[in-house]
Amino acid sequence: MSIKKSVVLFSGKGSNLKNLLENSTNIKDKLMYKAAFTNNPQAGGIDVCHKFSLDVRVCDDVNVNSELSEFLKEYDPDLIILAGYMKIIPPEIVNQYVGKIMNIHPSLLPKYPGLNTYSKILANNDTYAGATVHFVTCNLDQGPVILQGKYAVPDDSDESSLQTLTHNAEHIIYPIAVKWFANDIIRMEGEKLLLDEKLIESPIVLLIEQSSV
């Protein structure tokens, strides 16, 4: 069986990118990270790519979607990983790679799609928060959920501490989801998730103890 090809899209510091690359050795016979793409010439993730000798395509926002399309055409990936990529991917690209695009979102979807997650958690006095890995569809943050990492919100939380806890949760669950994809454990069918060919009706949730984060 051929090794799957993956590319990573990012816009910022690249912490999830770095974490995925650091956890890639256990799937090296199943999936290889071939390149990365960013819409931000100042993104810290560019240095991460250089550190791991990963090819990176850097563009600006003006021609981002046309350049992304060319990038994907060049690498023909089996899996596109969004790791803090802050641009909405146009429907023509999503539909071309349906079931092959994975994203991480800093909330327990379907709660709080979009931006300003941490302020919403605090405003609503939520008991739990976390992160969600999901397949990407044309509906923002509404694709089939693959895995969630859930933690109890400490009483003294602020936006900064929630961001730290959520990033750590992301770093736990994203490599697991990618490993499942690499090993053909998960796939998207329609708007549903199949795990070992069984339909998953409710999100799979990993409860993360505070000592783990």
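**View 1. Lining of the second largest pocket in the predicted model.** By class, 8 nonpolar, 3 polar and 4 charged residues make up the lining of the second largest pocket; Ala, Val, Leu, Ile, Met, Phe, Trp, Tyr, Cys and Pro count as nonpolar, Asp, Glu, Lys and Arg as charged, and the others, Gly among them, as polar. Of the 15 lining residues, Q142, G143, P144, V145 and P203 lie nearest the centre of this pocket. A pocket is an open set of points on a 1 Å grid over the protein atoms alone, where a 1.4 Å probe fits, with protein on both sides within 12 Å along at least five of seven lines; lining residues have an atom within 4 Å of a point. The second largest pocket holds about 280 Å³ of space. The model is predicted: local features need pLDDT of at least 70, side-chain atom pairs count only at pLDDT 80 or more, and totals for chains, interfaces and linings use all residues.

**View 2. The largest pocket.** This pocket has a volume of about 1000 Å³, the space filled by probe spheres set on the points. Its lining comprises 37 residues, with G84, Y85, M86, I104 and P106 nearest the centre. The lining divides into 15 nonpolar, 18 polar and 4 charged residues.

**View 3. Packing of helix 1 against helix 6.** Helix 1 (residues 15–22) and helix 6 (residues 159–182) pack at an angle of about 55 degrees, their axes 10 Å apart. Helix 1 is therefore oblique to helix 6. In helix 1, S15, N16, N19 and L20 meet E170, H171, Y174, P175 and V178 of helix 6, contact meaning heavy atoms within 4.5 Å. Residues are numbered from 1 along each chain as its sequence is written, and side-chain values use heavy atoms, with hydrogens and water left out.

Methods
Axes fitted to C-alpha atoms, helices over the stretch in contact; angles between N-to-C directions. Helix = DSSP H or I, 4+ residues; strand = E, 2+ residues; numbered from the N terminus. Parallel < 35°, antiparallel > 145°, perpendicular 65-115°, else oblique.
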